[in-house]
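Subject: Structure handover

Hello,

Here is the structure for your work. My notes on it follow below.

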Amino acid sequence: MMVMNKISRRHFLAATGAITGAALLNPLSEVAAETVEAPNVVGKKLRLAIVGTGGRGTSMWGYDLMKSYPDYIEFVGLCDKNEGRVETGKKIIGASCPTYTDFEKMMKETKPDVLIVTTMDSTHHQFIIRGMELGADIITEKPMTTDEKKVQAILDAEKRTGKNCRVTFNYRYSPHRAKIWELLRAGEIGDITSVDFHWYLDTSHGADYFRRWHRLVECSGSLWVHKASHHFDLLNWWIDSDPETVYALGSLDHYGKNGIFRAENCRTCSHTSKCKFFFDITKKKNLMNLYVANEKYDGYLRDGCVFKNDVNIFDKMAATIRYKNGVQVAYSLTTYSPYEGYRIAFNGTKGRLEAWIQESRPTSDANFDELVLFKNFGKREYIQIPFGTSGHGGGDALLKDQIFLPGIKDPYKQCASVRDGALACLVGIAARNSIAAGQPVKIADLTSIQPQEKKLYQRIL
Ligand SMILES: NC(=O)c1ccc[n+]([C@@H]2O[C@H](COP(=O)([O-])OP(=O)(O)OC[C@H]3O[C@@H](n4cnc5c(N)ncnc54)[C@H](O)[C@@H]3O)[C@@H](O)[C@H]2O)c1
């Protein structure tokens, strides 16, 4: 079959000189943003490896890729530190490649074109850096990493190796968020001056972060990084400028030590009849197979108690962020809300754009998201955008199509580079540092990245 995916196609064009030297040398140029027609040559399937065969690695980046892009990709290796989970993962994915618990061995034996990194957040940098050193381009899940030293190490490794790292900010791909970007870029509210952005996690999905490794700052970088980096990336992309200064507050008021009873995990708890957060994992076949059946290898409890004393992340957070182009943002994240979703408003010199998006909707709700566009001294307009049909508001499938199918352009500049991945984490890291110091933190003081008034764009992979 005649196939050539985006990565091999771009390599082909580089080799033949069909992209100008200037565009290649300056990947941040607009020329590099263009997608060129697939050349009529026989390509080969993209050889993929995954490190981290947990929930995300086996579903979004495993089974779904096998199902949707069999003509374009093949798995050559799967790796996880949990020897049982990597075998279960292989079955879920439906791959026939070898499995490994030794990452170096996998990379050296299988030599993948692309390494997909879906391990615990605090370990991403090891695999991104070593993966590039061993010759692979990288697709990494968000957050790219969890502290400023690791961010710098990734930036340095990308430069040193000449390899690419794409950060998969699927939130950018939801149709209503692309519409927001389009309206803002079209100048519908004039110049953006400030943004009010408030995100709510509910007592089901939101509480789940406090059951898992995410509850420990040393594993997730806290929800400032693990979760809010999604939101900060959206802000950076929507505002089209780089964050400059962050001042933040946070506290742990609800979960962890605040509970009136606790246990190690729900299966061993004597308080289940009175605990509203009781999570019966024995009723979830997939989770039993992937995690409970493999507890014996690493002791990881997927149904940990949300009130464990070791919870050391905040569950209530607020930040004021100033952007290089002068935009000011008021942001908050609450983790024990009755519904999951967000409210956002962009204030501009000519009007205001608002949305109230509920992600955990009652079944009777409408099948569209609504934006409201107000013009100063004018009328309001209601803009309805049909829901996307895949995970994360339709974003997951659109993101994967753009990476793996030939010929998909990037009109909304949704492709996220290592610099984008860095700046999204850095806002969360700055917020954490700001709370510790009780002072505003400058993004420019954290790594070699110097905030720009206009956001830089790089189309990769
Ligand atoms: N973009 C999104 O919407 C989205 C959604 C879910 C998860 N994620 C991201 O995907 C990543 C994985 O999340 P998950 O929910 O699948 O978690 P998970 O706990 O289910 O899976 C993580 C896997 O990594 C393995 N692992 C951890 N440290 C390792 C190491 N040092 N070496 C090898 N394997 C290691 C674990 O054993 C586990 O199997 C996280 O970074 C998370 O932020 C993103």
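A residue is near a molecule or strand if one of its heavy atoms lies within 4 Å of it. This is a predicted model, where local features need pLDDT of at least 70, side-chain atom pairs count only at pLDDT 80 or more, and totals for chains, interfaces and linings use all residues. Residues are numbered from 1 along each chain as its sequence is written, and side-chain values use heavy atoms, with hydrogens and water left out.

**Ligand site**

The ligand is surrounded by 24 residues. The closest are Arg56, Asp80, Arg85, Asp121 and Tyr291. By class, the shell holds 5 nonpolar, 12 polar and 7 charged residues. Here Ala, Val, Leu, Ile, Met, Phe, Trp, Tyr, Cys and Pro count as nonpolar, Asp, Glu, Lys and Arg as charged, and the others, Gly among them, as polar.

Helices α3 (55-68) and α6 (124-133) each supply at least two residues of that shell. Helices (H or I, at least four residues) and strands (E, at least two) are DSSP runs, numbered from the N terminus.

The ligand lies between domain 1 (6-170) and domain 2 (175-255 + 312-387 + 416-445), because both give residues to the shell. Those bounds come from an automatic or database domain assignment.

- Glu141: 2.9 Å from a nitrogen atom of the ligand to an N or O atom of the side chain.
- Asn170: 3.1 Å from an oxygen atom of the ligand to a side-chain N or O atom.
- Tyr291: 2.3 Å from an oxygen atom of the ligand to a side-chain N or O atom.

Taken alone, the ligand exposes 850 Å², and the protein buries 89% of that. Areas come from the Shrake-Rupley method with a 1.4 Å probe.

**Strands around β10**

Strand β10 (residues 328-337) runs parallel to β7 (residues 192-202), joined by 8 bridges. Two strands pair if DSSP finds at least two bridges between them. His198 has Ser332 in β10 as its bridge partner.

Arg322 stands opposite Gln328 in β10. β9 and β10 form a hairpin with 4 residues between them. In the turn, Gly326 has a positive phi of about 95°.

**Lys163**

Where is Lys163 placed? Lys163 sits in the loop between α7 (148-161) and β6 (165-167). Lys163 counts as partly exposed because its relative accessibility is 23% (buried is under 20%, exposed over 50%, partly exposed in between; 1.4 Å probe, protein chains only). Lys163 and Ala136 are 27 residues apart in sequence, and 6.9 Å apart in space, C-alpha to C-alpha.

Regards

Technical notes: Polar contact = N/O pair within 3.5 Å; in protein donor to acceptor, adjacent residues only side chain to side chain.
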